[in-house]
Amino acid sequence: MKKVQCETYSVRLDKWLWAARFYKTRALARDMVQGGKVHYNGQRCKPSRTVDVGAVLTLRQGIDEKEIIVEQLSDRRRGAPEAQLLYRETEKSINTRKQRAELRKLSADQMPHPDRKPDKKQRRQLLRVKNQ
């Protein structure tokens, strides 16, 4: 893994997100940055933005939001243990994600679940109610 900290070494944001294994493909990482799901130091940016060590990234992945600090630069995708060395998640972010997960778990227990799927007639009735 490249652990170069010199000033001439630069990595694009979409490439770094892909190398750090936040997204499966570079195209997906690019789409997430363009869609506003990734903020660089609190602001929206372009996928071609150069990543700096110490920068704070905010990532929204599904219903979770992570705040990470860039520790190292790399433009190559390696195994997960090596990729985790590229960043550090903040304590605040970890605690917030745990609290939200507990709330989701508690609310899921209280939601009633039907015994079976609705049949064709019931689906039509549900659609009529939703569209009104």
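Which residue forms a salt bridge with Arg12, and how far apart are the closest N and O atoms? The views below come from a predicted model, and the first one has the reply.

**View 1. Arg12 and its salt-bridge partner.** Arg12 pairs up with Asp14, with 3.1 Å between the closest N and O atoms. Asp14 is tucked away: its relative accessible area is 3%, so it counts as buried. Arg12, at 34%, is partly exposed.

**View 2. Helix α4 from end to end.** This helix covers residues 91–110, and its 20 residues should span 28 Å at 1.5 Å a residue; the end C-alpha atoms sit 29 Å apart, which agrees. Of those 20 residues, the number buried is 1, so α4 lies largely in the open.

**View 3. Asp64 meets Arg104.** Here the two side chains come together in a salt bridge, 3.5 Å from N to O. The pair ties together distant parts of the chain, with Asp64 in strand β4 (residues 64–70) and Arg104 in helix α4, 40 residues apart. Asp64 is partly exposed at 24% relative accessible area, and Arg104 is also partly exposed, at 33%.

**View 4. Arg97 and Glu89.** The side chains of Arg97 and Glu89 make a salt bridge of 2.9 Å, N to O. Is Glu89 buried or exposed? With a relative accessible area of 17%, Glu89 is buried, because the cut-off for buried is under 20%. Arg97 comes out partly exposed, at 25%.

Terms used:
Residues are numbered from 1 along each chain as its sequence is written. This is a predicted model: local features need pLDDT of at least 70, side-chain atom pairs count only at pLDDT 80 or more; totals for chains, interfaces and linings use all residues. Side-chain values use heavy atoms; hydrogens and water are left out. Helices (H or I, at least four residues) and strands (E, at least two) are DSSP runs, numbered from the N terminus. The expected span of a helix is 1.5 Å times one less than its number of residues. Buried means under 20% relative accessible area, exposed over 50%, partly exposed in between (1.4 Å probe, protein chains only). A salt bridge is a side-chain nitrogen of Lys or Arg within 4 Å of a carboxyl oxygen of Asp or Glu.
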